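My notes are below, in the order I looked things up.

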Amino acid sequence: MGYQRSLVLAGAVPMLFSRVPGGLGDQLDRVDGVMLAAGHDIDPGRYGQEPHALLGPIDAARDSFEIELVERAVDRGLPIIGTCRGMQMLNVALGGTM
């Protein structure tokens with residue numbers, strides 16, 4: 001059950017974002033905050049670096065979706081929390097590097 005259990009125990013009602021094109025705005029209308037979870041590595045090209053020999057699997061579609069999610073959540077003033085990859089993605093989406 002992962003993160004959902006902790007969120008529910010804290011009183012939240014978790015919702016997974018769908019990557020349906022054009023649907024992000026409607027989904028963000030229904031939430032009070034965003035959590036970016038752990039996962040695969042972020043494509044180093046997203047933050048201006050070359051791939052390292054130890055780079056793990058990347059998911060370009062997820063990278064694109066999460067960058068848009070962060071940008072739109074910031075525009076709306078929604079709180080955002082990230083764990084592991086999520087923390088790194090928050091940094092990258094806001095113009096940082098690793």
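I started with the secondary structure: the protein has four helices and two strands, where helices (H or I, at least four residues) and strands (E, at least two) are DSSP runs numbered from the N terminus. Going along the sequence, I read the pattern as α-α-β-α-β-α.

A note on the source: this is a predicted model, where local features need pLDDT of at least 70, side-chain atom pairs count only at pLDDT 80 or more, and totals for chains, interfaces and linings use all residues. Numbering runs from 1 along each chain as its sequence is written, and side-chain values use heavy atoms, with hydrogens and water left out.

Next I checked dimensions. The C-alpha atoms fill a box of roughly 40 × 30 × 20 Å along the principal axes.

Then burial: 30% of the 98 residues are buried, meaning under 20% relative accessible area with a 1.4 Å probe, protein chains only.

For contacts (heavy atoms within 4.5 Å), I took those between residues at least 6 apart in sequence, and 57% of them join residues at least 24 apart.

Last, I went to Asp63, which sits in helix H3 (residues 60-76). Is Asp63 buried or exposed? Asp63 counts as buried because its relative accessibility is 0%. Leaving out residues up to four places away in sequence, I found that Asp63 touches Asp41, Ile42, Asp43, Arg46, Arg85 and Met89.

Technical notes:
Buried < 20%, exposed > 50% of the residue type's maximum accessible area, 1.4 Å probe, protein only.
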